[in-house]
Amino acid sequence: MFTPLGLFKDIPCPHGQECGLLTCMFSHETIKPPSEVDKSTKSASSQEETMPAQEIPPVKKPRLQATVEASRTNLEDRPLPSRQHETGGGQITAPTNRIGDKTQIASQSPAKLQSISRGVSPPPPKMEPPTAKRDASASSKQEQRPTLRKAPRESLNPRMLMKAPASHGVRLSILTKLHTAMSALNDKMAKDKDNKDKSIILTPNELITMALDEEEKTAKGNASVYGNVIKLRIVKFSKMSKEDWVKEVKAHLNERYYKTAPDQGEQKPAVFSTGLSAKEEIAIATKLITPLEGLEQYGYVTKAPTEEEIEGARKGVTESKGWEKCDRCGGRFQVFPGRREDGSLTTGGQCTYHPGKPFYPPKKRTDHITGHKEAYYTCCNETLGTSAGCTKGDTHVYKVSEAKRLASILQFEKTPAQPDKGPLPPVGFDCEMGYTTLGLELIRLTAVSWPEGKELLDVIVRPMGEILDLNSRFSGVFPEHYKNAVPHDDSVAATASSVLDDGEVEPRPLKVVESPAIARALLFKLLQPETPLIGHAIDNDLNACRIIHPTVIDTVILYPVGAGLPNRMGLKTLSRKYLDRHIQTGGNLGHDSKEDAIATGDLVRVKVAETWKLLKSKGWVIQNDRLVPPPGATDDTGPLWRLGPGAGLKRTSSALG
């Protein structure tokens, strides 16, 4: 018969003492009747008393028996010992068996307790090589560092879903390929000596978590296109550049762990200096003012719509019965301001779209050999026309662009004159918008001083329509901002901004105002009609606030693209190119309107430095904080910009002097 494995050693044998097996798999205990125990004890004691002392042989108990008795005594007199041994103390350590979540002391025969009845001597010291000591010290230092993120320990196994889009085998195969592509990119970043941001190098657990998140996100989408979408993602990762991989990693870290990577939090944007004083920069900035007359076709509003135009716009909305064109997917849907009887705000269900704009690679001379690259979406690198979209929205959304229809919701107002305040310094501002049942509305307004870049106003705004989508991916405004916001108060806002300038780093709740009209009134307090208002694509911000301001500096026009408007270069690209500053790096956390307003102001300062270099070469000087032309010349040059191909300062150099 084979030797039992001991799986049933804790279970009494069903046959008890009648079992005839030599090696039974169950436990057997020999139980003596109490009478026999008493008789054997009495006989032994009486025999010792009758024998002479010299004839009593020394009692020689077997060593095994002595140790067993000692161990039994120790176990009865002291509490249950711990599982750790003490060197030199002789403490008994009972072995344990874990069954499920319970810990039980293993039942053993006396022979098995012999090894645990003795004290455990410490192991002899081992000589470690110097490298091992260095590794140990390095690991100890690494353990002492505070961990800012901790990935859960997960296996490379697809997560369970209520409705899986494919079988477990198919999902596992796809997940493995996805993880392999991500691991290859992560290894490249780890070997890159130029990479200074070590926080974007993922650990094995973080890589598995990122792959699981990516696969689960796709699996929860449309099941009919799961295979195509995830395969396109795998192909994208296999051909992805280091820069795009860094963006993917940062977006993942921002969404799962923290807002900003550890190293990025310590980095400060490069400080730009023109070598001029603030008043000198303000004087030169008057040459960069952009007249808006003639730019109405590009979205700039220079006069308020009439009542007849507004009434016609309202009539058109009524006759359309709420039908709009989705600003994301282009589909038709109905919107119901104030909600429909059944509580619905829109029709059409979910919106599948690409949040990134299509990019058309420029043509090259070698295209006839290598082939011209097809246009693709910047959000997912998918070729145009291959899929309906890589992102899903809860509802369809729309945007209103016509001035008369915007005025039907909230009328435009001109910047009021405030003679008692005198001339006011330039103001840089930026707005964030979200989608509501009334279109794209103002939800955050930020204003900073120029050229210092200090905060003057920063409020979130409650829109007039019901919110469909806060557009958080771009606006940076989330429902938590409204939940944690405090009512706006001029005195509180001034105190908060001064404390912030003294070095406050802790986030503070934003102030909230109850309507876009109130936010506009707060901005008007900082402006005169002659005050330069600085922004990037400022027409969008002015229209969101319903403001008509005659004195603006728009970086879209200062930095023209190609033939000029309507072509525009993004603020992020301009900042990286001319300021060597990376902005809008929050991933899915969106933009920061204060960061954007400061970057826009610094881009204007770059043009101020270029303008002053040109003016100075022509003999211009600054006296009493005003630009003075050279003798014999008149100050009739006007603004130093022109629309059209190659627009910029070079085209106006002949007009100076």
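**Entry 1: strand E11**

I began with strand E11 (residues 439-449), where 10 of the 11 residues are buried, so E11 is largely enclosed by the rest of the structure. For me, buried means under 20% relative accessible area, exposed over 50%, and partly exposed in between, with a 1.4 Å probe and protein chains only. Strands (E, at least two residues) and helices (H or I, at least four) are DSSP runs numbered from the N terminus. I noted that this is a predicted model, in which local features need pLDDT of at least 70 and side-chain atom pairs count only at pLDDT 80 or more, while totals for chains, interfaces and linings use all residues. Residues are numbered from 1 along each chain as its sequence is written, and side-chain values use heavy atoms, with hydrogens and water left out.

Which strands pair with E11? I found strand E10 (residues 427-436), antiparallel to E11 over 10 bridges, and strand E12 (residues 455-461), also antiparallel, over five bridges. I count two strands as paired if DSSP finds at least two bridges between them. Two residues make the hairpin link from E10 to E11. On that side, Met433 faces Leu442 of E11, and Thr436 stands opposite Gly439. On the other pairing, Ala447 has Leu457 in E12 as its bridge partner.

**Entry 2: strand E10**

Next I checked E10, and 10 of its 10 residues are buried, so E10 is largely enclosed by the rest of the structure. In a regular strand, side chains alternate between the two faces of the sheet. I listed both faces of E10, and both are covered: Val427, Phe429, Cys431, Met433 and Tyr435 are buried on one side, and Gly428, Asp430, Glu432, Gly434 and Thr436 on the other.

E10 also pairs in the parallel sense with strand E16 (residues 533-535) over two bridges, with Val427 opposite Leu533. Strand E13 (residues 467-469) runs antiparallel to E10, joined by two bridges, and there Thr436 stands opposite Ile467.

**Entry 3: helix H19**

Which residues of helix H19 (residues 571-579) are buried? I wrote down Leu571, Leu574, Ser575 and Leu579.

**Entry 4: Arg314**

Is Arg314 buried, exposed or partly exposed? I have it as partly exposed, because its relative accessibility is 40%. Arg314 sits in helix H10 (residues 307-320). Its C-alpha atom is separated by 7.1 Å from that of Arg405, 91 residues apart along the chain.

**Entry 5: the whole protein**

Last, I stepped back and found 20 helices and 20 strands in the protein. Of its 657 residues, 38% count as buried. I also looked at contacts (heavy atoms within 4.5 Å): among those between residues at least 6 apart in sequence, 64% join residues at least 24 apart.
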